[in-house]
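Subject: Structure handover

Hello,

Here is the structure I am passing on to you. Please have it open while you read the notes below it.

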Amino acid sequence: MKTKTCILLIQFALCHFATAGAAQTNLLVNGGFETPTVSRFTTFIAPSSFLGWTVASGGVDIVADSFYATASGIQSLDLNSVVSGSIVQNVTTTPRQVYRVSFAFAANPLPDSPSFPSPVIKQMEVRWDGIVLGALAHNSTGHTATDVGWHDYTLSVVGTGANTLSFASLTPGSAGPALDNVRIVAVPEPSACLWLTAALCAVAALARTRFTTVFQHGLGAAETHLPARPNTRPPHCAYYCTEETTLCGDRFVKGWLRTSAKIALILWYASCSINPRAISDL
Ligand SMILES: [Ca+2]
């Protein structure tokens, strides 16, 4: 593969990924529950709303980190006020686009109100367009205000143009499931992954072409192949080669190809895989 073709392919892949990266914007508003600012906690009883979210049932609390630690920012959400609550947000999506929904889940670690007792195991449901995607449980035993035990979860959904994401507490009482850092981002298109893989293959091919030229024909041939540089050593051999030129070159090329293949697989998985921790594993 010619050098210019390789460079063009790499540039195209980078542009494609830059475009795909722009699609990583969080579609949710106030996914970290940072608005409105509260001093310790503020209760919202249904029907009510705060930035981005509607309280659909029961009651919820926006809780400051002075009460217990957050997963991100300085505030999080307790899905219980003194009863179980639920929140919902409308999301504008692209039809048939796959999205990654991620969030941090834990439990209010503080003692519940004696008048509104709650079990140590806090449960909640995640719903997409009202359909239950999964139920989560968190045992608050042993956790404290500074060690809340936040866990990150990820699941995938498909857009239809207009969708709703909701979280609903299944726990009674005053200390409920805790939620923070909710995000919805578009999963990069498979074509972006293919272009990245192609670019890495191009890099490997480019390296193989150059080093094969130098090494497979021996140092002497390489010296005649390379442009004359008075008082300088052949640039490709200066760093990688000993007297065992051919063996050295083959090892280098093979190692380079193996490394490129591993990087391609890792990046392909990172950009294309949807469920590092699928809802079915919860
Ligand atoms: Ca937050």
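Strand β4 is largely enclosed by the rest of the structure, because five of its six residues are buried. Buried means that 20 or more other C-beta atoms lie within 10 Å of a residue's own; 12 or fewer makes a residue exposed, anything in between partly exposed, and the C-beta atoms are placed from the backbone. Strands here are DSSP runs of E with at least two residues, helices are runs of H or I with at least four, and both are numbered from the N terminus.

Before going on, two notes on the source. Residues are numbered from 1 along each chain as its sequence is written. The model is predicted: local features need pLDDT of at least 70, side-chain atom pairs count only at pLDDT 80 or more, and totals for chains, interfaces and linings use all residues.

The chain overall

The chain holds five helices and twelve strands. Of its 282 residues, 31% are buried. Two residues are in contact if their C-beta atoms, placed from the backbone, lie within 7 Å. Among contacts between residues at least 6 apart in sequence, 76% join residues at least 24 apart.

First sheet

β4 belongs to an open sheet of six strands, ordered β1-β4-β5-β12-β7-β10, with antiparallel pairing. At the edges stand β1 (41-45) and β10 (151-158); each has a single partner strand, so one side of each is left without a neighbour in the sheet. On average, neighbouring strands in this sheet are turned by 30° against each other, direction ignored. For such angles, axes are lines fitted to C-alpha atoms (for helices over the stretch in contact), and the angles run from 0 to 180 degrees between N-to-C directions.

Two strands count as paired if DSSP finds at least two bridges between them. β1 and β4 run antiparallel and are joined by five bridges, and Thr-43 has Asp-61 in β4 as its bridge partner. β4 also pairs with β5 (residues 75-78) in the antiparallel sense, over four bridges; there Asp-61 stands opposite Asp-78. Further along the sheet, eight bridges link the antiparallel strands β7 (residues 98-107) and β12 (residues 177-186). Ala-107 has Pro-177 in β12 as its bridge partner.

Another open sheet of six strands has the order β2-β3-β6-β11-β8-β9, and its pairing is antiparallel. Its edge strands, β2 (48-50) and β9 (131-139), each pair on one side only. Here neighbouring strands are turned by 25° against each other on average, direction ignored.

β2 is joined to β3 (residues 53-57) by three bridges, the two running antiparallel, and Ser-48 is opposite Val-55 in β3. Between β6 and β11 there are seven bridges in the antiparallel sense, with Val-91 opposite Asn-163 in β11. β8 and β11 run antiparallel with five bridges; Glu-125 has Ala-168 in β11 as its bridge partner.

Within this sheet, where does Ile-87 sit, and is it buried or exposed? Ile-87 lies in β6 (residues 86-92). Ile-87 counts as buried because it has 26 C-beta neighbours inside 10 Å. Leaving out residues up to four places away in sequence, Ile-87 touches Trp-53, Thr-54, Val-55, Ala-56, Val-60, Ser-166 and Phe-167. Its C-alpha atom is 9.8 Å from that of Ser-48, which is 39 residues away along the chain.

The core

A nonpolar core is a set of buried Ala, Val, Leu, Ile, Met, Phe, Trp, Tyr and Cys residues joined through C-beta atoms within 7 Å. The largest one has 37 residues, and Leu-77, Val-101, Ala-106, Phe-167 and Leu-179 have the most contacts inside it. At least two of its residues come from each of β3, β4 (59-64), β6, β7, β8 (121-128), β10, β11 (162-169) and β12. β7 gives the largest share, seven residues. Val-101 touches Thr-154, Leu-155, Val-157, Leu-165 and Ile-184, not counting residues up to four places away in sequence.

Confidence

pLDDT is the predictor's confidence in each residue, from 0 to 100. Its mean over the chain is 79, and 59% of the residues reach 70 or more. Residues 218-246 have pLDDT below 50; this stretch has 28 contacts in the model beyond near neighbours in sequence. Residues 272-282 are also below 50, with 20 such contacts. Where pLDDT is low, the predicted coordinates should not be read in detail.

Regards
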